[in-house]
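The sequence and structure come first.

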Amino acid sequence: MAERLGVAIVGVGGAVATTAIAGIEMIKAGSNSLNGLPLADRDVAGMVAYRDLEFGGWDLTEESLGACALRHGVIGDKELADGAAALNTMRPWKAAGSTGYCANIDGSNKLESGHRAAIQQIQSDLRRFCAEKGLDRVVVVNLASTERVPHADDAALQSREAFERGLDEDDAAISPAMLYAYAAIDSGTPYANFTPSVAADIAPLAEFAEERNVPVAGKDGKTGQTFMKTVIAPALRDRALHVDGWFSTNILGNSDGLALDDPKSLASKLGTKGSVLNDILGYPVEDHIIMIHYYRPRGDDKEAWDNIDLTGFMGQKMQLKLNFLCKDSILAAPLAIEIARCLDLAQQRGEGGVQDQMGLFFKLPQTSGGRKPVHAVPEQQAILDHWLDGKTA
């Protein structure tokens, strides 16, 4: 009998989560193909099948996932009637939330208890989810809204011991994303951070994951503009075309865009988007400008526009312009699904701690041992393929 994997999602009522769940439910019903799923053509021993995934999770809204999906506008009544009807009966579990960390996102379905109690509830939810669905294993994927960057000098984030004290004292420096990461690691559950929020990448939690041999990966899913940037930049590098400047702008109107309308959350996002070019090219791009604008009429239909100024042979100037009209959640949902499957495979293989080979999926890949992240897509794809084939470095 096929083994079943539970995917517990932080932010399960969001556009990415509801799109992922709807797509898998439609695959089960035979009304959706495997198109758009990056690993669909790979036959990897031990990797759970798409139709053997089950979903649940936490959100600050009490609405059914069907109502959430309709509000986001990525899928509609057609999909809900064509295999994704399960969303209408699925409701989020109470979530940890903090307007101090995410100013524009709040809701009534909130855990009001302290840090330790919240962790206990999250772990209780995971056990109940596993029992009710008859699951063999569970992974946690953070798809929630972007939190602000914590202060670098927050005492609770400096060491394992300080973090534990911070939990005991309900220290405000410890964010909801960190609570979910701690709860997952403490219960032996793999954890992935698809958001720019700081979570398992802080030293105390990365160390905790290593100690417990629990797979973790992150952060910030590489879906649209940064994906294209990390495809194009390696080619420019290899053709010796010097990048004099790279101007990037985005408009989007979904809940992710609303969260990023808060300057502190936006700073967190820009931090993960802005680090890739210099590492790929091997020199600083002095005029690398990134802008993100919340524009409500667009909803999930994001537009990313790039202008690249280049210098070539004999000092001749050139330009490259890219306009990517994309659906944010349609790009992100398949990655979240594949991340869950890869994390589970790592756990089955006994590979705990930071999963460097999963860097392909992230804007700012979390790495182990202080290694610099690899950003270029061709190199990242080769690393992941090597691992999927069961080969070691």
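The predicted model holds six aromatic pairs, where rings of Phe, Tyr and Trp (its six-membered ring) pair if their centres lie within 6.5 Å, and planes under 30 degrees apart count as stacked, over 60 as edge-to-face and the rest as tilted. Two of these pairs are described here. The rings of Trp93 and Phe129 are edge-to-face, because their planes stand at 65 degrees, with centres 5.4 Å apart. Trp93 sits in the loop between helix 3 (77-81) and helix 4 (115-133), while Phe129 belongs to helix 4, so this pair ties together parts 36 residues apart in sequence. Helices are DSSP runs (H or I, at least four residues), numbered from the N terminus. Trp93 is buried at a relative accessible area of 14%, and Phe129 is buried at 3%; buried means under 20% relative accessible area, exposed over 50%, partly exposed in between (1.4 Å probe, protein chains only).

Phe163 and Tyr182 form a stacked pair, 5.9 Å centre to centre with 25 degrees between the planes. Phe163 lies in helix 5 (residues 160-168) and Tyr182 in helix 6, so the pair ties together parts that are 19 residues apart in sequence. Phe163 is buried, with a relative accessible area of 1%, and Tyr182 is buried too, with 6%. Ring pairs also link Trp58, Trp93, Phe129 and Tyr180 into a cluster.

As this is a predicted model, local features need pLDDT of at least 70 and side-chain atom pairs count only at pLDDT 80 or more, while totals for chains, interfaces and linings use all residues. Residues are numbered from 1 along each chain as its sequence is written, and side-chain values use heavy atoms, with hydrogens and water left out.

Two packed helices are described by the angle between their axes and the distance between the axes. Axes are lines fitted to C-alpha atoms, for helices over the stretch in contact, and angles run from 0 to 180 degrees between N-to-C directions. The table lists two helix pairs.

| Helix pair | Axis distance | Crossing angle |
|---|---|---|
| helix 6 (residues 176-186) and helix 7 (residues 203-212) | within 10 Å | roughly 15 degrees |
| helix 1 (residues 15-29) and helix 12 (residues 328-348) | within 8 Å | roughly 70 degrees |

Helix 6 is therefore roughly parallel to helix 7, whereas helix 1 and helix 12 are roughly perpendicular to each other. Angles under 35 degrees count as roughly parallel, over 145 as roughly antiparallel, 65 to 115 as roughly perpendicular and the rest as oblique.

By class, the contact of helix 6 with helix 7 has seven nonpolar, no polar and two charged residues. Ala, Val, Leu, Ile, Met, Phe, Trp, Tyr, Cys and Pro count as nonpolar, Asp, Glu, Lys and Arg as charged, and the others, Gly among them, as polar.

The contact of helix 1 with helix 12 divides into eight nonpolar, two polar and no charged residues.

Helix 6 also holds Ala183, which is buried at 0% relative accessibility. Leaving aside neighbours within four places in sequence, Ala183 is in contact with Ile119, Ile122 and Gln123.

How values were computed: Helices (H or I, at least four residues) and strands (E, at least two) are DSSP runs, numbered from the N terminus. Contact means heavy atoms within 4.5 Å.
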